[in-house]
Structures are given as C-alpha cells and as structure tokens.
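Please open the model in the viewer and follow the selections below in order.

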Amino acid sequence: MHYEFRVDGVLSDEARAALSGMRITVLPPQTVIDGEVLDDSHLHGIIAQLDALGLSLVSVLPNPGVG
C-alpha cells in the first residue's frame, strides 16, 4: 500500500539519503514523504526511522489509489 508521511520542516541531506527510496516533496512548512509500504512491520520501521532522524511526524496517511 502507498503511504504519505508529513514531517515538520525541511529534510537534511542525511535524512534525504536515508529515505532515498521514497519521493520527497517540500511543501513549506512541511515535507511530504511518500512511497510503497509493504506491511505493518515496514510501516513501523519507517516511523521509527523518521524518529531516529529527529523528524517531527505530523501525519501518516494511507493512499490506496496510488502506486
């Protein structure tokens, strides 16, 4: 399933590199990160990765019509 993650601010080069498999769109004051999520474990792993990168997660939305 396709998911959209919104975080506050703009991603650092380190964060962009860590999320290189996903599409990144800056929509000030937030950044939208979206891509394919394989299962619940993968979803929780992405959320943990965003946290480890110090990003403030605003929302996580499934988008079944994309992908």
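Begin by selecting Arg23, which counts as exposed because its relative accessibility is 53%; exposed means over 50% relative accessible area, buried under 20% and partly exposed in between, with a 1.4 Å probe and protein chains only. This is a predicted model, in which local features need pLDDT of at least 70 and side-chain atom pairs count only at pLDDT 80 or more, while totals for chains, interfaces and linings use all residues. Residues are numbered from 1 along each chain as its sequence is written, and side-chain values use heavy atoms, with hydrogens and water left out.

Asp34 lies in strand β3 (residues 30-36) and Arg23 in strand β2 (residues 23-27), so the pair ties together parts 11 residues apart in sequence. Strands (E, at least two residues) and helices (H or I, at least four) are DSSP runs, numbered from the N terminus. At 6% relative accessibility, Asp34 counts as buried.

Now select Glu4 and Arg6, whose side chains meet in a salt bridge (3.0 Å, N to O). Arg6 is partly exposed at 23% relative accessibility, and Glu4 is partly exposed at 21%. The count of salt bridges comes to two.

Finally, display the whole chain as a cartoon. Two helices and four strands are present, and from the N terminus the elements run β-α-β-β-α-β. Of the 67 residues, 30% count as buried.

Conventions
Salt bridge = Lys/Arg side-chain N within 4 Å of Asp/Glu carboxyl O.
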